[in-house]
Amino acid sequence: MTQSSLEIHIPWSKRLFDLLLTIPLLIILSPILLILIIIVAIFMGRPIFFRQQRPGFQGKIFTLYKFRSMRNAIDADGNPLPDVQRLSWLGKFLRASSLDELPELFNVLMGQMSLVGPRPLLIEYLPLYSPEQARRHDVLPGMTGWAQINGRNAISWEKKFELDVWYVDHWSIGLDIKILWLTFFKVIRREGITQSGQATTEYFTGSASDANSEIDTQ
């Protein structure tokens, strides 16, 4: 699959593949989703879901859904506490098990995401990408991707984007199946969930930046 063909449209075979897996998954996982909704409501309260605007295919903005994993904790001035302090024991479990990602299946169902593709990041990152890095938006964003099975949050932003663009240039149904299969084992082993010393991963400020602030980017 060439870059130019991916820029024009979303391949119908990829969309069909997503639907054939996502619809049965939602049916099978519906009891687990219901249980998680109840648990999050009891131990963390509302809102149950984390909602955030993210750029998708060709930069089109959509609303991403995940289970909330951080408490609404603020300091004396009313500012949110650092991520590491707001991440609850339940949130740590949800992230470590990747269960917080399950609501993204509805994003896949709506055609805003794919099961496999570059992770949808923050809108404010858009002007910071190099032209080559921006090519990660030439496919639908995914729940998992080539970068996720090759280091996830334990690798640098530059390496992540390099892997994302590699996926864009080498996409195939066979590659998606391989990534989904390997993702299963990565989730079980809980590899690359966070960067060392941080709750999630460092904030991206451009390839030449050494910024080290934290934000919920995954």
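Is Thr 22 buried or exposed? Thr 22 is buried, with a relative accessible area of 0%. Buried means under 20% relative accessible area, with a 1.4 Å probe and protein chains only. Thr 22 sits in helix H2, residues 12-43. Beyond its neighbours within four places in sequence, Thr 22 is in contact with Leu 105, Val 108, Leu 109 and Leu 115. Contact means heavy atoms within 4.5 Å.

The model is predicted: local features need pLDDT of at least 70, side-chain atom pairs count only at pLDDT 80 or more, and totals for chains, interfaces and linings use all residues. Numbering runs from 1 along each chain as its sequence is written, and side-chain values use heavy atoms, without hydrogens and water.

The protein chain has seven helices and six strands. These are DSSP runs: helices (H or I) of at least four residues, strands (E) of at least two, numbered from the N terminus. Their order is α-α-β-β-α-α-α-β-β-α-α-β-β. Of the 218 residues, 47% are buried.

The largest pocket is lined by 25 residues. Nearest its centre lie Ser 98, Leu 102, Met 143, Thr 183 and Val 187. H2, strand E4 (142-144) and helix H7 (173-189) each supply at least two lining residues. H7 gives the largest share, six residues.

| Lining class of the largest pocket | Count |
|---|---|
| Nonpolar (Ala, Val, Leu, Ile, Met, Phe, Trp, Tyr, Cys, Pro) | 14 residues |
| Polar (the others, Gly among them) | six residues |

A pocket is an open set of points on a 1 Å grid over the protein atoms alone, where a 1.4 Å probe fits, with protein on both sides within 12 Å along at least five of seven lines; lining residues have an atom within 4 Å of a point.

Terms used. Buried < 20%, exposed > 50% of the residue type's maximum accessible area, 1.4 Å probe, protein only.
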